[in-house]
Amino acid sequence: ASALRTAAAQRLSQHRRVYSYFRRHPTLATMGICRDSRHKRRATGGKRAMDKKKRKYEMGRQPAMTKLGTKQVTEVRCMGGNKKFRALRLDAGNFSWGTEVTTRKARIVDVLYNASNNELVRTKTLVKGCVVTVDAAPFRQWYEQHYGVRIGIKKGQAAPEEDVKRSDHAQRKLRKRSKGRSLEPALDDLFGRGRLMAVISSRPGQCGRADGYILEGPELAFYKKQLAKKK
């Protein structure tokens, strides 16, 4: 057992030395990924002559593969001294509700769908364009406060009585707001479950954030259909 512990300690120290070396010389660690097209063949299949070597401005980096978890964002120094914010783990973001023109910070619960790769769903990887479920509570609270109407009530369940006392002016204001109010049944059903479907529209590996918008209307119907196909 002591020999195994010693071997494990030696491997760990070796990994630390390699890691620290590449931290001091980042170019050596990252120049394996290159964004040039000189190394690619022509459309006809012929090889191209290499007239010059790789350049640092053509350098690429490893993908962030942002996971769902406690927030962890690292800073990457880029060309010209600019900065990128590489999100390694995120658990919340700002989501916009388009028809109601409001935005709330909501907790990301799960990754539901990714058109490019199902493996990104299994590993709960957050990328631009993936469909996630978010906590509905911030949006439900805003809606009920803004319109004075309870939503997400299941069939056969009685709506709870309100104990809030409002002035005549506040009641008139809520009645005026509620005149043109409409909430589609599919969204109301999601409010009843406590989870909304949303799409991430930011790039977590570039800006360090997972912001997006709430799905509704034909887009919501489309993604529900896609999820039903998977089952």
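Thr66 sits in the loop that runs between helix H2 (26-30) and strand E1 (67-68). Helices (H or I, at least four residues) and strands (E, at least two) are DSSP runs, numbered from the N terminus. The model is predicted, so local features need pLDDT of at least 70 and side-chain atom pairs count only at pLDDT 80 or more, while totals for chains, interfaces and linings use all residues. Residues are numbered from 1 along each chain as its sequence is written, and side-chain values use heavy atoms, with hydrogens and water left out.

Thr66 counts as buried, at 1% relative accessibility. Buried means under 20% relative accessible area, exposed means over 50%, and partly exposed lies in between (1.4 Å probe, protein chains only). The side chain of Thr66 reaches the backbone oxygen of Ala87 at 2.6 Å. A polar contact is a pair of N or O atoms within 3.5 Å; within protein, one must be able to donate a hydrogen and the other to accept it, and residues adjacent in sequence count only if both atoms are side-chain atoms. Neighbours within four places in sequence aside, Thr66 is in contact with residues including Ala87, Leu88, Arg89 and Leu90. Lys124, Thr125, Leu126, Pro204 and Gly205 are also among its contacts. Contact means heavy atoms within 4.5 Å.

The loop between H2 and E1 also holds Asp51. Asp51 is exposed, with a relative accessible area of 63%. From C-alpha to C-alpha, Asp51 and Arg38 are 8.6 Å apart in space, and 13 residues separate them in sequence.

Two strands pair if DSSP finds at least two bridges between them. E1 pairs with strand E3 (residues 83-90) in the parallel sense, over two bridges. Lys67 stands opposite Arg89 in E3.

Five strands close into a barrel, in the order E4-E5-E6-E7-E8 and with mixed pairing. From one strand to the next, the twist averages 50°. Axes are lines fitted to C-alpha atoms, for helices over the stretch in contact, and angles run from 0 to 180 degrees between N-to-C directions. Strand E4 (residues 92-97) and strand E8 (residues 212-214) run parallel, joined by two bridges. Ser96 has Tyr213 in E8 as its bridge partner. Helix H6 (residues 185-193) packs on the sheet and touches E4, strand E7 (195-200) and E8. The direction of H6 makes about 110° with that of E7. Helix H8 (residues 217-230) also packs on the sheet, touching strand E5 (102-113), strand E6 (131-135), E7 and E8. The direction of H8 makes about 20° with that of E5.

Helix H4 (residues 137-147) has several buried residues, among them Phe139, Trp142, Tyr143 and Tyr147. Gly148 follows H4, and its phi is positive, near 70°.

Cys34 is buried at a relative accessible area of 17%, and Cys130 is buried at 0%. A disulfide is a pair of cysteine sulfur atoms within 2.5 Å. By this rule, the count is zero disulfides.

Overall, the protein has eight helices and eight strands. Of its 231 residues, 29% count as buried. Among contacts between residues at least 6 apart in sequence, 57% join residues at least 24 apart. The protein exposes about 15,900 Å², with carbon and sulfur atoms supplying 51% of it. Accessible areas come from the Shrake-Rupley method with a 1.4 Å probe; for residues, only the protein chains shown count as cover.
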